[in-house]
Every structure is written in structure tokens, then in C-alpha cells.
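Take a walk through this model, from its domains to its cores and then to one of its sheets.

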Amino acid sequence: MAPAATLEYASNAPQPLQYPRLSKHYLLPSSDTPDYIRLILTSKVYEILKETPLVLATNLSAKLGNQIWLKREDLQEVFSFKIRGAYNFMANLTDEERWKGVVTCSAGNHAQGVALSGSRLGIPCTIVMPQGTPDIKVRNVARLGAKVVLHGSDFDEAKAECARLASVHGLIFVPPYDDPLVIAGQGTVGMEVLKQLPESEQLSAIFAAVGGGGLIAGISEYVKRIGSPHTKVIGVETVDGDAMARSLEKGERVTLYEVGPFSDGTAVKIVGEEPFRICKQNLDGIVKADNDEICAAIKDIFEETRSVTEPAGALALAGLKRYIIQNNLIGAQKKFVVVVSGANMNFDRLRFVAERAELGEGREALLSVDIPEHPGSFIALHSIIHPRAVTEFIYRYNVSGDRAHVLLSFKLQSTSRQTEVREILSALEEADMTGFDISDDETAKSHVRYMIGGCQKVANERVFRFAFPERPGALRKFLLGIHKGWNISLFHYRNHGGDLGKVLAGIQVPENDSPEFLEFLEKLDYAYVEETENSVYKRFLRG
């Protein structure tokens, strides 16, 4: 996959912000910007919603030595906070606008929020989704009474159709985050937190996931003006979807070329203009979390509440845990609030989450170990790992050498992962074994651990990790583009329940065909990372 660092500046030059839907009554006289306290206090969300609970995460609090409170937005009727902004925007439409209807483009929580709001307000809703959208998402929106239009092979094509429908039929576009009324609706989350939290003036920080920025912007506007002076507002992004962090660093909005698909609820390439303006003023920082940490947070929330959140729903908790560790705050007895933002989890993803949760928590290690290829080596290896519980052990006899390659994972015993793994690697070395910690190697975790079974050298083999769209025809497009002189020498795919499939492919490409092959990759337009020099691939699959 293209590195998250690749980005470009937003093509739209900064323009004076205008708020055509707001009367002067809702603008601050000093700046002609929205008065978000007034907007939040007069928000219409409570016409249909009740406050969601704020609950103490007892086990997490004990483990981390701080009070961890969970704001349960996953308990909304549509299982997401998105209903707040969508309803507040739509409830403020004029009678003529309501009669014409609204349109939006979304395959996720925003679509359900718009659909439910439309059903309660009697407003016709059209939701445009890409053609490859999973049936469960289409059904969830249709059951709420909205008309679903499936158009285009990707989200960009769906957005273009959404804009066309709005123009041709005079429909009002319901923005997912870049509008003051939407931001104010989401900001009611912050208002509820300060009202519900015991001794809220002692709140150290509130953490919320960042996609387009509407939620964190709304929360920050309320907390910064109503909360205690020392209360921080911290956004959390994925390491491969950090548009807000990069925009704040640069001082202007930037567009990411590629965004990691796992936390699809926050997977945006560019943040909203108004949320960015607010976050520049209010945000105290951004924390980034990886997929394994998100999976661990999903497990944490399940153990606390018996609810299964979507990746974006647990992102804020993953960020808080990293923040506590990075700032040496374990046992600091501070008070933190985490917004659990959604629970629209695709059931097929649970297998991936379960596999990665232990790694993300730091309670499991994945090692590659070279051992002598002779009797007694296995028991010697196990004696070093014992009494730790082995969770995976993969080996294939090596007929061509005197060293065998083993891939194993096991549960760690101490609270210091780094120290324990270092001690194990040292013990392996003393026993004439060479160990490698591959817990952070994505190729190993997503593919190689499922492919052990023998290896051999293949002439001119190049290996790539691809992100294939999960839609009919994606594999065929790849196969049709393969030159007749190129041979597929390795292929591994495993469904993880996302919109993009993870594929590891080996292709034999003669050296003089490299320019033509690179042209093929560019036309294919699937995100990829070349792994030909990956040490795990070399050890277990190439020989």
C-alpha cells in the first residue's frame, strides 16, 4: 500500500468561510464565525434522541491506574454518533427544502443517520453508494426508508453521482461533517460528557476519533469554553489515515493519496474546512494508533461492556492507551473520557480482530526462529519458551540445509514486552538459535503465517502486498493485466470483512520487463507495497 506519508495540498485555495444557513443570531459578532455554544445548546437532536450513558471502565481503570470513562455512542439507535449531526442539519431545513428531499453519499454510519432522520422528519432521502457496497449496509439503510442508489465502482464515482442528483433534482446535500449544524449536533456529545461526569472540572482529557473532523471539532468547541481550563481535547487517527495531523502540522489542509481501510469510519483523504479551522484553534494534540492497537481496544471494550464496536468506534480508546504509555501516566490517577463512536461492525471482521488483539495489547509475540535441523531442537526451543502458552507453531522440514525455520507466537508473562522479548532472543542465541521479533511485520501477520509449507527459489520473482477492492471483477482485472510473459508464482488472499482485500502475490518478471511491469501496476491502480526484500518472505517462502 502506498505510504501514508504521500500527500498533496488541497487544491482549493483558502476562501473566507461563509455560513449561509446561519442567521446573524448564531454568529459571533467579533469574528462572524458560528457561536457553537449557542448552536449546541439549541440543537434539535433531543427531539428524537436520549442522552447516551457515560460508564466507568472498571477493569481498564484498574489496569492503567487512571479513571477511564466510556461515552457510549454505540448505543444510539443507528449504533453511531452520526445521527446527531444528520438530524440537527435536517431538522433545520425549510419546509420547501424538506419537500424536495435530501441526498448524501455514504456507505456507512452517516447514511443510516440521514435515513433515520428522514423517516422521523418525513423528508425523502436518497443515499448514493458504490456498487460494491456490502448488502448488509444497503439493507440497513433501505430498512429505514431511504432510497438507495448504487452507482460507480468506487466512492469518488458515487460522490459525482450524488452531486449530479442534487443539481438535477434540487435536492439538499447532507454533509457528513463539514457544516456548522452538523458539527453542533456532534458537539452535544461534549455537552453530555461534562454534565454526566462526576467532578467534571477534574477531567484531564477527552479523546475522540477523527475522520472528517466534525465530532472532535464539536466536542472541542463546547469543552474548551465550558470545561475546566486544564481539560485537553485530543483527537485520534490511524497511522495510515492521519489527514488531520498532517494538516495541523502544515497549517493548511492536505490530501492523502491513500488511506488505510481498516478503520473505515474514519477513512477520509481530506478533513473538512470548518472542522480544520476549529481544530487549529482548539485541539491539544493528535495521537495515532495502528490496526493491532485498535483490535486490542475492541477487545477491551467488549470485556468491559459485552458490546462489539467497529474499528473506528474503538479508535479513541486505542489512542488513549498509547497516550498513557507514551507519557508515563500509568498509575497517575487522572480522569479520562473516551468516545466510543460506533458499533456497526461487519461480522466477517471478527476473526481478524481476534487474531490481532493480543499483538495490539502487547500480550503476544510473533517470532521467526532459525534452529539446528536435527533431533532435539524442538524440545530445546520449547524449553526456552516454557511455561508461556504457545498460540501458534509452524514448521516445515528443510531438505536443503542444516537450519530449520520456525514461526511461532506465544503469550507474554511480564508487563514489559520489550524486556521479555529481548531476554528470550538472548536465550535463543545462547542455545545456537537465531530469533527475530516479527510482531510488527505486516506481511508476516497477514500472509506468511498462513502459508508455511515449503519454499524454493523462483527465478525473477517479485513479491507484492496488494489491496484489492472487495467487488466482483477485481481479481479478473488483475489477471487480465498480467503480461503473457509474466507468471504468477505465489498468491494468497484471505477475507477480513473489509472493503479492501489483502493479497500477497509473487510474479516472475524478467529484468528487462521492469518498465512495462511498472506501467501495469500504475494502470491497475491498486494500492501496493513491494515485499521482495522482506526478511520473512526470504526465510519462509523463497529459500
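The paragraphs below go from the whole chain to single residues and back out to a sheet.

This is a predicted model, in which local features need pLDDT of at least 70, side-chain atom pairs count only at pLDDT 80 or more, and totals for chains, interfaces and linings use all residues. Numbering starts from 1 along each chain as its sequence is written, and side-chain values use heavy atoms, with hydrogens and water left out.

Start with the domains. The chain is divided into domain 1 (24-78 + 180-357), domain 2 (102-170) and domain 3 (362-541). These bounds come from an automatic or database domain assignment. The centres of domain 1 and domain 3, taken over C-alpha atoms, are 35 Å apart.

Now look inside. A nonpolar core here is a set of buried Ala, Val, Leu, Ile, Met, Phe, Trp, Tyr and Cys residues joined through side-chain atoms within 4.5 Å. Buried means under 20% relative accessible area, exposed over 50%, and partly exposed in between (1.4 Å probe, protein chains only). The largest such core has 67 residues, and Phe89, Met90, Val102, Val114, Ile219 and Val337 touch the most other members. Helix H8 (residues 180-196) contributes the most, with eight residues. Helices (H or I, at least four residues) and strands (E, at least two) are DSSP runs, numbered from the N terminus. Domain 1 and domain 2 each supply at least three residues to this core. A second, separate core holds 34 residues, including Val236, Ala297, Leu329 and Val340.

Threonine 126 sits in strand E5 (residues 125-129). Its relative accessible area is 14%, so threonine 126 is buried. Beyond residues up to four places away in sequence, threonine 126 touches Val102, Val103, Thr104, Lys147, Val149, Leu165 and Leu171; contact means heavy atoms within 4.5 Å. Leucine 121 belongs to helix H5 (residues 109-121). Leucine 121 counts as buried because its relative accessibility is 18%. Histidine 405 is 284 residues from leucine 121 along the chain, with 63 Å between their C-alpha atoms.

Finally, the sheet. Four strands form an open, antiparallel sheet in the order E14-E15-E13-E16. Strands pair if DSSP finds at least two bridges between them. Strand E14 (390-395) and strand E16 (434-437) are the edges, each pairing on one side only. Five bridges join E14 to strand E15 (residues 403-411). Phenylalanine 393 has leucine 408 in E15 as its bridge partner.
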